[in-house]
Amino acid sequence: MDYPLDPLSADEFRAVAAILRREHGVGEGWRVASVELLEPTKTELAAFDGGGATPARRAAVICLDRSANATYKGVVSLTGDRVEDFDHIPGVQANFTVDEFVECDEVLRRHPDVIAALAKRGITDLDNVFMDTWTYGDAVAPPEYRDRRIGWSDTWYKQAAGANPYAHPVSGLHCVIDINSMEVLRVEDDGSSEMPDVMGEYVPHHIPERIRAASRREPLKPLDITQPEGPSFTLDGNLLQWQNWSLRIGFNHREGMTLHTVRYRDGEVNRSVAHRLSFAEMVVPYRDSSVDHYRRTAFDIGEWGLGFMTTSLELGCDCLGEIRYLDAVLHNSAGEPYTITNAICIHEEDNAVLWKHVDHDAGAEVRRMRRLTLSFHVTVANYEYLVYWRLYQDGNIECEVRATGIMVTTPFPAGDTPKNGTLVDERTYAPFHQHFLIARLDLDIDGTDNTVYMTESYAEPIGPDNPYGLSLVVRNQALRTEQEGKQDVSFATQRAWKVVNTNVVNGLGTHPSYKLVPTGAIPAMFDAASPVLQRANVIGHTLWVTPNRPDERWPAGEFVNQSVTDTGLGEWTKADRSIDNTDVVLWYVFGIHHITRPEDWPVMPVDVVSFWLKPFGFFDRNPSLDVAATPPDACTHGHAKAAHH
């Protein structure tokens with residue numbers, strides 16, 4: 001262990017499992033749902049950075065006693081080789097584990113009632129059947145099974161080995177499973193037998209020749225990205241430094257990649273921008289009440305975990321350039337560690353022009369933009385989420401998410417396309433759905449005590465002082481309490497939010513800040529009584545601001561699996577605590593309002609959403625004036641062709 005924020009190592013995961021087994025019998029009949037580093041406080045880190053004591057190494061654990069359907073939450077001290085806390089939390093369900101997902105598929109495909117239901121549809125080769133188990137929200141769970149740990153299944157049929165397993169859903173066939181006992185509680189079969197002739201393949205040799213022949217584009221010439229002298233960043237363990245930026249990279253089962261202690265060196269001063277940046281929840285409700293989709297509301301972070309779903313990245317495909325990778329270590333439900341190789345990609349990208357001006361006399365001054373990208377990719381069953389955090393030379397931070405993968409589809413009888421989706425293939429529709437992403441932004445602008453201001457523009461009416469109606473003014477409103485901190489997007493006024501340190505003055509006599517610029521915010525469009533909104537109040541507003549509390553990390557609550565009500569932001573903010581000149585956290589909600597398209601089938605081109613954190617008075621002027629010009633001979637590479645007339 002080099003730094004207190006470094007993620008848990010394989011040996012530390014093994015030690016946690018051994019301590020739990022020794023002190024609480026967590027072994028056969030149990031599942032270790034999650035283990036993650038219990039991060040030191042800001043005070044502890046500041047003391048350590050100043051040469052003080054090393055904070056104790058501790059892990060937060062969630063364990064499940066399967067026979068009693070009992071969830072336990074605990075803290076294990078690795079430094080002290082002991083369990084500090086181990087408490088039963090009644091009435092909640094831990095996150096699902098990858099092991100349970102795999103085991104459900106194995107159990108379901110062997111069940112005689114499932115085999116019979118498939119045979120009625122003419123499906124007898126079970127090797128090409130795939131069972132996908134989803135979690136339940138309590139409001140739609142069968143009442144008689146609500147005191148159990150349960151899941152519900154989708155069934156899919158692929159036409160050949162290696163073909164798209166999500167191309168052919170078996171509509172109307174769903175099972176209810178007790179995940180603890182791996183018992184099939186109920187097989188729901190409405191008798192549907194719709195099997196339209198669908199072309200759902202995307203791997204070239206599975207795509208029919210008639211389709212491949214109909215559209216053949218010319219291959220691209222090579223586009224080589226080379227950095228013969230290596231990258232301009234340094235990676236020392238998990239400490240990343242580049243172009244005045246420094247930060248530490250973390251990783252855990254629930255959030256995936258996390259960014260810590262983000263600093264910008266301004267002259268001789270290493271200035272704080274953020275303490276911690278991450279994704280805290282992802283809510284994906286399908287907006288279709290049909291039998292195949294009414295239960296389909298995923299809380300991909302709380303129910304499953306972005307870390308558990310992270311996939312390995314490969315050079316030349318997922319990232320281009322002079323790449324540096326970080327592996328990630330996680331654990332299975334026995335607490336045993338495993339490694340995701342190349343889980344995080346770090347590389348530089350050219351991004352066109354940073355700034356430019358052509359003077360009539362002096363000629364052109366132009367600087368090319370270089371940005372540093374940190375990324376990880378997540379596969380959640382049929383869908384992929386590609387997450388990119390980008391640092392820029394002018395102090396900007398951009399967060400971008402790309403959604404791709406395979407849409408869920410449903411066959412339907414001849415007639416009109418169902419109203420809650422789009423026709424994407426023969427008698428097959430893709431239901432409308434939404435992807436709500438919640439970023440947890442613990443910004444510390446030049447220190448921990450900050451105030452958030454809502455800022456928006458409006459035009460003053462025509463009058464004696466504004467005869468031409470040109471006057472545009474900005475209104476800045478300090479958000480003093482949690483109720484004021486509940487904010488909605490307004491593109492009509494170009495509303496944004498500034499995180500300001502009112503205790504510091506810049507060279508211009510104003511206060512330094514960073515501005516959250518929303519670009520991908522979407523409305524919830526839910527009735528207030530909707531079970532989804534009851535479980536996830538967070539999606540009802542674009543922004544929430546709360547005082548920073550170490551136990552307030554999950555915006556819809558810590559245990560969202562089978563939840564019926566929100567135990568996160570909706571509850572915390574009822575206290576209407578002060579958020580004035582204190583250590584604040586911003587919870588920003590953005591995402592994709594996915595009105596499905598035929599062009600999204602059979603594999604979806606990326607849909608891109610993002611937001612920005614932009615310095616506003618953090619610097620006294622353009623901080624990228626010192627970016628070096630590109631050497632003239634590097635601008636041509638000998639390939640420029642002059643036009644001849």
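**View 1. Asp-626 is an exposed residue of this predicted model.** Asp-626 has a relative accessible area of 59%, and because exposed means over 50%, the residue counts as exposed. Asp-626 belongs to the segment that follows strand β31, which covers residues 604-616. Although 259 residues separate Asp-626 from Arg-367 in sequence, the C-alpha atoms of the two residues are 9.8 Å apart in space.

**View 2. Asp-300 and Tyr-383 carry the "active site" feature in an unreviewed UniProt entry.** The two residues span 84 residues in sequence, yet their C-alpha atoms are not more than 10.6 Å apart, so they gather at one spot. Asp-300 is part of helix α6, residues 300-304, whereas Tyr-383 is part of strand β19, residues 383-392.

**View 3. Asp-300 is shown with the residues that it contacts.** With a relative accessible area of 5%, Asp-300 is buried, because buried means under 20%. Neighbours within four places in sequence are left aside here; the contacts of Asp-300 are then Glu-281, Met-282, Val-284, Gly-305, Leu-306, Val-380 and Tyr-385.

**View 4. Tyr-383 bears a modified-residue annotation.** The unreviewed UniProt entry gives the annotation "modified residue: 2',4',5'-topaquinone" for Tyr-383. The relative accessibility of Tyr-383 is 3%, so this residue counts as buried.

**View 5. The largest nonpolar core of the model contains 108 residues.** Within this core, Phe-279, Trp-389, Leu-441 and Phe-611 touch the most other members. Strand β13, residues 269-285, gives the most to the core, with six residues. At least three residues of the core come from domain 2 (98-214), and at least three come from domain 3 (234-616).

**View 6. Phe-611 is shown with its surrounding residues.** When residues up to four places away in sequence are not counted, Phe-611 touches Trp-389, Ile-397, Glu-398, Cys-399, Ala-439, Leu-441, Leu-516, Val-517, Thr-519, Tyr-588 and Phe-590.

**View 7. Four strands make up an open sheet in the order β5-β6-β7-β8.** The pairing in this sheet is antiparallel. Strands β5 (129-135) and β8 (183-189) stand at the edges, and each has a single partner strand, so one side of each is left without a neighbour in the sheet. From one strand to the next, the twist averages 30 degrees. In general, the strands of a sheet pair through backbone hydrogen bonds, in either a parallel or an antiparallel manner.

**View 8. Strands β6 and β7 pair in the antiparallel sense.** Strand β6 comprises residues 150-157, strand β7 comprises residues 173-178, and three bridges join the pair. Trp-152 stands opposite Val-176, a residue of β7.

**View 9. Helices α3 and α4 are shown with strands β5, β6, β7 and β8.** Helix α3, residues 98-110, lies across β5, β6, β7 and β8, and runs at about 130 degrees to β5. Helix α4, residues 112-120, packs on the sheet and touches β5, β6, β7 and β8. The direction of helix α4 makes about 20 degrees with that of β8.

Definitions and conventions. Residues numbered from 1 in each chain as written. Predicted model: local features only at pLDDT ≥ 70, side-chain atom pairs only at ≥ 80, totals over all residues. Heavy atoms only, no water. Core = buried A, V, L, I, M, F, W, Y, C linked by side-chain atoms within 4.5 Å. Buried < 20%, exposed > 50% of the residue type's maximum accessible area, 1.4 Å probe, protein only. Helix = DSSP H or I, 4+ residues; strand = E, 2+ residues; numbered from the N terminus. Domains from an automatic or database assignment. Contact = heavy atoms within 4.5 Å. Pairing = 2+ DSSP bridges. Axes fitted to C-alpha atoms, helices over the stretch in contact; angles between N-to-C directions. UniProt positions renumbered as here; feature names shortened; annotations may be inferred.
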